[in-house]
Amino acid sequence: MKLTPRGCRNVGGNVASAMEELRKEFMDTFVPYGYKPFWPTGLQRLDAVTDKLSPNLQGRLIVANSFYGEPCALRADVTLGVADYCASHFEPHERPHRLCYTERVYRRPNSPEHNMERLQLGAELIGWEGEGADVELIGLLLAYLNKLNCPKISIALGDVSLIQLALGKLPKGYSSALLNCLETGRMDEYARTVQDLPHSDMREFFEELPWLKGNFEVLYRAASLLGETGEALKPLKSIYSELTKMGYGDFIVIDLSLVRELDYYSGPIFDAYFEDSGVVLGGGGRYDTLLERHGMMGQAVGFALDLEKLALNMNKRTTQAQKILLWAHGNTPSSVMACADNLISLGYCVEILWRERECEPAELARIKGCDLLLDLSKKSITDLHSGDEAFLDEFLGR
């Protein structure tokens, strides 16, 4: 009988190995900059979650009761847990707080998808006013992504507060309709809604908004369309400029139509995506509004990426350690472990086969993707690719 419910799945094998490699590399990138691992609760109180999510995401919550009868939802968003943790455990003067995590989130799938759980890795920086936090987090994210052996990943940079300011100059019915179209990608309906707009200084801006994408020049065009509202472009100009000074200019694309379906974002936002395919890995941005809802004033920025999607697009590393299947074949466990320890200290990956009866270790080694087979009883080692056989001492250069 299958134990895994529909919409969930176990991850193992090469994909799980790649995900663990990505997790380690992620921690190695962020922890030296003061980011501390964070493990959020698996259940979140329903009454504390719903007012912080968009109507779309509220409808995707997976509801359950706690053991004590409290209405809850399976963890739908890690950032909510981060904000709650910082608000309940620390005083304002103890900021900034830097947290990083690798965790599952649970949401009802959007058709045609059926997966209701996703593995994410992410980081959060909660502090005070200043322009450096956005640059720090995006810069570290790009430093991490550039270490990976995968297709080129770029960052699309926008600002939700800019869109909110522009929408605020429209009649309410039109502003909500345009925002919903941007969130759901219904651009045909967006174009029709813009055509129906009554006279407004913002009409030309919204006509061009879906095409305000590209390099720094996009910001100058947007400023000419926005008039006095163009002052809101200053944070984006600063972030883009600083990241360019750090050598990341070729990885940044301005996209002023970028929006977030979460209601708590309140400033610069970004998406990370594969440049060739356009597949979005995840994203993040400023969420000062969420701090306010937890009774905290200040600045917060974070992101989350789909860990499995990233792993599936990684190329196999050419520098992987060679893997040895060590056939114990009647040797004492202590001597087998001593041999394995020695090989591992020399940079090999070792898997032990304890089976004593005659078997086909070479076939098993190939199934497991091993490069070498060591028969400890004969003290011989075979290269499974070439078929060459050598004595163990000779192989080790003794």
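User: Why is D371 called buried?

Analyst: D371 has a relative accessible area of 17%. Buried means under 20%, exposed over 50%, and partly exposed in between (1.4 Å probe, protein chains only). The value of 17% is under the limit, so D371 is buried. This is a predicted model: local features need pLDDT of at least 70, side-chain atom pairs count only at pLDDT 80 or more, and totals for chains, interfaces and linings use all residues. Residues are numbered from 1 along each chain as its sequence is written, and side-chain values use heavy atoms, with hydrogens and water left out.

User: Where is D371 placed?

Analyst: D371 sits in the loop between α15 (361-367) and β15 (372-375). Helices (H or I, at least four residues) and strands (E, at least two) are DSSP runs, numbered from the N terminus.

User: What makes the D371 and H385 side chains a polar contact?

Analyst: Their distance is 3.0 Å. A polar contact is a pair of N or O atoms within 3.5 Å; within protein, one must be able to donate a hydrogen and the other to accept it, and residues adjacent in sequence count only if both atoms are side-chain atoms. At 3.0 Å, the pair meets the distance limit.

User: Which residues is D371 in contact with, leaving aside neighbours within four places in sequence?

Analyst: A321, Q322, K323, T382, D383, L384 and H385. Contact means heavy atoms within 4.5 Å.

User: What makes R118 and D306 a salt bridge?

Analyst: Their side chains meet at 3.3 Å, N to O. A salt bridge is a side-chain nitrogen of Lys or Arg within 4 Å of a carboxyl oxygen of Asp or Glu. The distance of 3.3 Å is within 4 Å, so the label holds. R118 lies in strand β6 (residues 117-127) and D306 in strand β12 (residues 299-306), 188 residues apart. D306 is buried at 9%, whereas R118 is partly exposed at 29%. Salt bridges that share partners join E113, R118 and D306 into one network.

User: How many salt bridges does the rule give?

Analyst: The count comes to 22. One of them pairs E275 with K152, at 3.5 Å between the closest N and O atoms. E275 lies in the loop between β10 (268-274) and β11 (280-286), and K152 in the loop between α5 (132-147) and β7 (153-159), so the pair ties together parts 123 residues apart in sequence.

User: Why is E351 called partly exposed?

Analyst: Its relative accessible area is 25%. That falls between 20% and 50%, so the term applies. E351 also forms a salt bridge with K323, at 3.3 Å between the closest N and O atoms.
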